[in-house]
Amino acid sequence: VLHTPQVRQLRIEQSENKEKQPISPEDDPWDSWVFEVEGGVSVDREQQQKEFDIDTDFSARRITEAWRIRSFFWANYERETFDGEEGALTSDAHSNGAWMMAVKSLGPHWSAGVASSMRADTYDNIQRRFQVEPAVEYSYWDYAEAERRELLFIYRTGPRYTTYIDTTIFNEIAEPHWRQEFEVRLNSTQPWGSADFDVEASHFLPDVKRYRLEMRGELSLRLFRGFSLNLNAAFERVNDQVNLARGDVSTEDLLLRRRELATDYRASFRVGLGYTFGSLYNNVVNTRL
């Protein structure tokens, strides 16, 4: 510009930078805590049947480099009413509980923590269950690579005490258990897509014959630009249903799925296609209505 005629029209000004500086962790009034509250009520009605459902949950979490603290509380109540020739039939179901876990970072590959929970569920014949599980975790890769790849080995063990709504098939109305669990989790995000696999084995102590083996997998393949193939599969070998209620299952409970049934396995599979298209430059955030 100095060597052009426009230099006579050039003016330089200095102004104060009034942009707000980002809040640092030291200035955070919430000390890294995040809270979330949800709830809802639904009513469905027809001439001969109606359904009422209410649910609520609350979560709190604090995630820092040194600690990961999470808690979750929930409650659900559901009532269905059917008008028949022999009168009205009413079916109720409810569940509620709380789960809390605190994990301490022990370096780039190790973590240790403890989880505690309380649960009640009419479907599982559980009046109240209390459980405490210390846990240790080893990450094959550095935790800093978790967004791209993750291979975790997790061990949990601890006591739990359960009281049942009805006497179980083992003639128990309340009983303690000690349970241990081992889990291997693999997550990977690559240019070709993403893959998540999880294997979890658990059993009671000292009765190792009461066990459960769970395998879950999710695979998303990018076939070409914007188009993906999604696969989900799960298999569960079940041999620890000590909570099953004694006696025959009523027709109402069977049809409405109000009670857990005896089974040796559970399996599911899903395949789907996805296609994403549109502007590559639409990164504007707008939350109006």
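Student: Is Arg-119 buried or partly exposed?
Tutor: Arg-119 counts as partly exposed, because its relative accessibility is 24%. Buried means under 20% relative accessible area, exposed means over 50%, and partly exposed is in between (1.4 Å probe, protein chains only). Before we go on, this is a predicted model: local features need pLDDT of at least 70 and side-chain atom pairs count only at pLDDT 80 or more, while totals for chains, interfaces and linings use all residues. Residues are numbered from 1 along each chain as its sequence is written, and side-chain values use heavy atoms, with hydrogens and water left out.

Student: Good to know. Which side chain does Arg-119 meet in a salt bridge?
Tutor: Asp-121, at 3.6 Å from N to O. A salt bridge here is a side-chain nitrogen of Lys or Arg within 4 Å of a carboxyl oxygen of Asp or Glu. Asp-121 is buried, since its relative accessible area is 15%.

Student: How many salt bridges does the count come to?
Tutor: The count is 21 by this rule.

Student: Which residues are linked in a network?
Tutor: Salt bridges link Glu-133, Arg-156, Arg-179, Glu-181, Glu-183, Arg-185, Asp-198, Glu-200, Glu-214 and Arg-216. Glu-183 is buried at 4% relative accessibility, whereas Arg-185, at 26%, is partly exposed.

Student: What about Arg-216, which residue does it form a salt bridge with?
Tutor: With Glu-200, where the closest N and O atoms are 3.3 Å apart. Arg-216 sits in strand S10 (residues 211–224) and Glu-200 in strand S9 (residues 193–205), so this pair ties together parts that are 16 residues apart in sequence. Helices (H or I, at least four residues) and strands (E, at least two) are DSSP runs, numbered from the N terminus. Arg-216 is partly exposed at 32%, and Glu-200 is buried at 11%.

Student: Back to Arg-179. Where is it found?
Tutor: Arg-179 belongs to strand S8 (residues 174–190). With 12% relative accessibility, Arg-179 is buried.

Student: Which side chains does the Arg-179 side chain make a polar contact with?
Tutor: Glu-133 at 3.2 Å and Ser-202 at 3.4 Å. A polar contact is a pair of N or O atoms within 3.5 Å; within protein, one must be able to donate a hydrogen and the other to accept it, and residues adjacent in sequence count only if both atoms are side-chain atoms.

Student: New topic: Arg-237. Where is it found?
Tutor: Strand S11 (residues 227–239) holds Arg-237, which is partly exposed at 31% relative accessibility.

Student: How far apart are Arg-237 and Leu-213 in space?
Tutor: They are 5.0 Å apart, C-alpha to C-alpha, and 24 residues apart in sequence. Not counting residues up to four places away in sequence, Arg-237 touches Tyr-211, Arg-212, Leu-213 and Asp-264; contact means heavy atoms within 4.5 Å.

Student: Which backbone oxygen does the side chain of Arg-237 reach?
Tutor: The one of Asp-264, at 3.0 Å.
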